[in-house]
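Please examine the sequence and the structure before reading on.

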Amino acid sequence: MKSVVTTVVASADAAGRFPSTSDLESVQGSIQRASARLEAAEKLSANLDNVAKEAYDACIKKYPYLNNAGEANSNDTFKAKCHRDIKHYLRLIQYCLVVGGTGPLDEWGIAGQREVYRALSLPTAPYVEALSFARNRGCTPRDMSAQALVEYNALLDYAINSLS
Amino acid sequence: MLDSFSRAVVTADAKTAAIGGADLNALKGFIAEGNKRLDAVNAIASNASCCVSDAVAGMICENQGLIQAGGNCYPNRRMAACLRDAEIVLRYVTYALLAGDASVLDDRCLNGLKETYAALGVPTTSTVRAVQIMKAQAAAHIQDNPSEALAGAKLRKMGSIVVEDRCATLVAEASSYFDRVISALS
Amino acid sequence: MDNRFFSLFNLTEDRAIEILDTPPDLVAESDSRYIAASHLINFQTDRSISALIRAVAETDPRLDNKIVRRKSVEILGRLKAAQALPAIRFCLQDEDCYTVENAVWSIGEIGTQDPEILAEIAQLLEQPGQSYRVMIHTLTKLNYQPAVAQISKFVNNIDPPIASAAIAGVCRLTGDYTQMERVVAMLQNQNVLGRRLSIQDLIDARYYQAIPDIACCPVSLVFRLRGIRMLAEAGIGDGSIDFATVQPYLEQSLRDRPQDLKLVHRYDQLPELSALIRDLYETDFGKCYLATQTIVDSYPDTAPAALFADYAEEANNDYGAHFHVMKIMGWLKHAPAYDLLIEALHNTQPQFQKSRAAAAIALGEIGDSRAIPELHKSLDTKIWDLKYAALMALEQFGDLSGYEILKDDTDWLVRAKANSQL
């Protein structure tokens, strides 16, 4: 799992040397940003189910057809999957906040996922809408500090970008 | 390879859960103590060659047979290999301390080490002794109060005087990594 | 093309085009150009295609527009809009790797033998940070022989799914099957996405020998059945294999016993029953099967009550756990689950479709003969795996009358099964 620290250690190891001053400086930089990330992770973990539900509901409300038993009679299947997947992505975003990199999203959420969605003709729009809603809804200082929100939104953008 | 942050992620993922309050608090502690950790890593890394040569010297001092014909540090070529190995162990312990997680030490250093040493006929007791000396030195460097008895003329202090157990948890953590090496060899 | 999900957004063609044509800065908050682009999949008209091409020409670099552009490229591919090829080709040089990925995929969907376009796609294999799997798939699909050397360079890639795609591609283009076992080995990848992608590569390579391995790959049975079915269709079609060869593996997958899978996860120590039940909610089905196996082996007496409680609480509303609860009741031969299973067998809510065949299999395991007429009702459905599973369950009851009923079925696999027994 890639993080600032494991990256530093891996490159020191490849060169067969002890951690250098610049290695330690880059870890220090990451630690300074980590407080904001952990704050966002903490807020998200306490509200993950709500954030997922709210994002998903907003998407359903905006596109009521998703909620009707229309001719696309498999909509319920997709809704259930969508709700599950949104939670999955938010959990991965929380992991990214903790680890300080996009590794968890890359490894468990994106690599190959685009291909699977395409192969099964699954629409990505509801994911994008729900995650965009979550991104636009975050508010400072009500939800978290400004710095924490920056970290959180950056990861939501990353997920939106990679899934769309 | 994991660090304390990715360890929390992997553990939570195994349960399909978000990382919860207790784990987040532990990580906040890691961050709050982050500068001390970096100082500790720096202290060991800056004194690595002294630690290594002192540990090997100490080991030989207690067992002169090692440098006589037939001993495992004889001739010079094998002495050099011994120094190199001690440095490798210390280096991975330092990585583990930086990461706050033993996986890099386990996966990249200890995995198969005992079998390798057995195949090469390296005496475990002596190796363990050298590691024990490095453990004591690392503790001293983290606390920045190297004892005159061990350091002798090479004694140097890195900063202002340190309150005794300011770094107790870091010393304990570093010691646990050395203990891991010792138990992997025994 | 499976288009079950295409009608999600209740927009007219006019309205969708209007939204898509709105400059990014002027879009109302309640509208989404991304949705509009997605929705145009429903309209194979020159107007829609022109609108999508206009969207591709809008190169505002901000995220909101970037994703619209990318989606438009994809939809043009789905619409097989050959007139859009020049616009899509232009995207091959985009700096955004996902735009490039979608462009390559769309060119594959539209199909072309233009050597310049194909060479341009092959050239992308030389660039860093691209979605190499998609390039390899497209070049292989379009049978572009000059790319063999470039694709070969990826057969030892550090990323297993990329190596797998390259091996399968070389195999399709040159008939060299020597490396295909490495693709088979990826069915055991730790990452569930890796395992799913490997099934796709085996399908693409028409590697029929892998059918037994696919049958024990720890992913959802949906992926296993899709792989076996597509390989069977291709292989029986060209005379390489026959139904009798495929049948045992197909039925093994439909029966879906955890001990028939080669699981890639394990527990260091026996978890509590409650923790095992939580694992039934995993998105990686490999973990769910491990939990199933462990529940059946270690908690046969206490599991049913706990599963009923969990079902009432939560699993009734989660299509994954719902499915596994049905399976486990069958493996435990828990007779009091009869009513629950009958309800699942006839549940027409589409998200629980997978549970219906699971319930049929479980009813066969439990052996309560009241289930026979209920299973007969399931022979009359459009869902092939439900019909097939009902036949298998009836077999367990010694009722062989289903074969006659289904011998002229519309689904070729069900038909083959029925006729093989007559």
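Where in chain C is the place of Lys80(C)? Lys80(C) is in the loop between H4 and H5 of chain C. The model is a predicted one, and every value below is computed from it.

Phi of Lys80(C) is near 50 degrees, a positive value in a residue other than glycine. Most residues other than glycine have a negative phi. Lys80(C) counts as partly exposed because its relative accessibility is 46%, a value between the limits of 20% and 50%.

Ala81(C) also lies in the loop between helix H4 (63-78) and helix H5 (85-90) of chain C. Ala81(C) has 1% relative accessibility and therefore counts as buried, since the cut-off for buried residues is under 20%. Not counting residues up to four places away in sequence, Ala81(C) touches Ile49(C), Leu76(C) and Ile110(C). Ala81(C) and Ser106(C) are 25 residues apart in sequence, and their C-alpha atoms are 9.1 Å apart in space.

**Loops on either side of H12 in chain C**

Asn189(C) is found in the loop between helix H11 (180-185) and helix H12 (192-204) of chain C. With 18% relative accessibility, Asn189(C) counts as buried. When neighbours within four places in sequence are left aside, Asn189(C) is in contact with Pro160(C), Gly194(C), Arg195(C) and Val264(C).

Arg206(C) lies in the loop between H12 and helix H13 (211-215) of chain C. Phi of Arg206(C) is near 50 degrees, again a positive value in a residue other than glycine. The accessibility values of these loop residues are set out below.

| Residue | Relative accessibility | Class |
|---|---|---|
| Lys80(C) | 46% | partly exposed |
| Ala81(C) | 1% | buried |
| Asn189(C) | 18% | buried |
| Arg206(C) | 33% | partly exposed |

**Chain C as a whole**

The secondary structure of chain C comprises 25 helices and zero strands. Along its principal axes, the C-alpha trace of chain C spans about 65 × 55 × 50 Å. Buried residues account for 60% of the 422 residues in chain C.

Among contacts in chain C between residues at least 6 apart in sequence, 65% join residues at least 24 apart. Chain C exposes about 17,400 Å², of which carbon and sulfur atoms supply 50%. Its side chains include 41 positive and 58 negative ones, and the centres of these two sets lie 2 Å apart.

**The largest nonpolar core**

Which residues touch the most other members of the largest nonpolar core? Of the 263 residues in this core, they are Ile93(A), Tyr152(A) and Leu250(C). Helix H2 (residues 21-62) of chain A gives the most to this core, with 15 residues. In soluble globular proteins, nonpolar side chains tend to be buried together.

Leaving aside its neighbours within four places in sequence, Tyr152(A) is in contact with several residues, including Ala40(A), Leu44(A), Val51(A), Ile93(A) and Met144(A).

**A cis peptide bond in chain B**

Tyr74(B) and Pro75(B) are joined by a cis peptide bond, with omega about -5 degrees. Most peptide bonds are trans. Pro75(B) is in the loop between helix H4 (48-62) and helix H5 (76-99) of chain B.

Key
Residues numbered from 1 in each chain as written. Chains lettered and ligands numbered in written order. Predicted model: local features only at pLDDT ≥ 70, side-chain atom pairs only at ≥ 80, totals over all residues. Heavy atoms only, no water. Core = buried A, V, L, I, M, F, W, Y, C linked by side-chain atoms within 4.5 Å. Buried < 20%, exposed > 50% of the residue type's maximum accessible area, 1.4 Å probe, protein only. Helix = DSSP H or I, 4+ residues; strand = E, 2+ residues; numbered from the N terminus. Contact = heavy atoms within 4.5 Å. Areas by Shrake-Rupley, 256 points an atom, 1.4 Å probe, with all protein chains shown as cover. Lys, Arg positive; Asp, Glu negative; His and termini not counted. Charge placed at Lys NZ, Arg CZ, Asp CG, Glu CD.
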